[in-house]
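Morning, everyone. I'll take you through one structure today, rings to begin with and then strands. Please have a look at it first.

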Amino acid sequence: KTELPEFAFAARRKKSKAPQFPSGAKVTAARRAGKCDKKDENQVVLSFPAANGADSLSSPFDYEVSIEVPGKAGEAPQKTVTKLVYQPGVQFVQRKHAKKVECVFGECELPEGEYRFAVTPLTSLGVRGRALRLAGI
């Protein structure tokens with residue numbers, strides 16, 4: 001077994017921990033009028049608190065924000081739309097990161113029927129934290 005160089009991606013990924021949302025964190029959603037390609041469009045704006053990392057390797061880099069529809073009996077939910085949203089202020093040290101993050105979905109992106117939103121924090125090394133979920137509005 002060979003040792004990985006200290007700064008190799010795989011070695012750094014092994015040292016990092018998953019970013020976590022603060023205790024009691026929730027996703028909220030609000031509808032608003034907006035524009036897409038200069039056309040009027042109804043939108044859903046998701047807001048959620050920034051996740052925290054134990055150290056710089058574990059700091060949130062971005063968030064995977066998905067719309068999930070129920071799977072068939074016994075199957076996992078299916079993702080219909082996924083967006084990656086950078087942690088606002090990610091280019092700065094963690095203490096300067098924004099405390100709130102938003103993601104906008106156009107009404108045209110929302111599926112018919114039952115769905116929910118899932119927000120998962122990720123580090124720059126791809127380590128995934130636990131997702132927050134919100135039933136569709």
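The count here comes to six aromatic pairs. Keep in mind that this is a predicted model.

What does the pair tie together? Phenylalanine 61 lies in the loop between strand 2 (39-49) and strand 3 (62-69), and tyrosine 86 lies in strand 4 (residues 78-86), so the pair joins parts that are 25 residues apart in sequence.

Now, buried or exposed? Phenylalanine 61 is partly exposed, at 29% relative accessible area. Tyrosine 86 is exposed, at 55%.

Next pair: tyrosine 115 and phenylalanine 117. Their ring centres are 5.6 Å apart and their planes stand at 90 degrees, so this pair is edge-to-face. Both tyrosine 115 and phenylalanine 117 are buried.

Ring pairs link Phe21, Phe48 and Tyr63. And one ring has a lysine over its face: lysine 83 sits 4.6 Å from the ring centre of phenylalanine 105.

Three of them make an open sheet, in the order 1-2-5, with antiparallel pairing. Which strands stand at the edges? Strand 1 (28-36) and strand 5 (100-106) do. Each has a single partner strand, so one side of each has no neighbour in the sheet. On average, neighbouring strands here are turned by 30 degrees against each other, direction ignored.

Last, a closer look at strand 2 and strand 5. They pair in the antiparallel sense over seven bridges. Glutamine 43 stands opposite glycine 106 in strand 5.

Technical notes: Residues numbered from 1 in each chain as written. Predicted model: local features only at pLDDT ≥ 70, side-chain atom pairs only at ≥ 80, totals over all residues. Heavy atoms only, no water. Phe/Tyr/Trp six-rings, centres within 6.5 Å; stacked < 30°, edge-to-face > 60°. Helix = DSSP H or I, 4+ residues; strand = E, 2+ residues; numbered from the N terminus. Buried < 20%, exposed > 50% of the residue type's maximum accessible area, 1.4 Å probe, protein only. Lys NZ or Arg CZ within 6 Å of the ring centre and 35° of its normal. Pairing = 2+ DSSP bridges. Axes fitted to C-alpha atoms, helices over the stretch in contact; angles between N-to-C directions.
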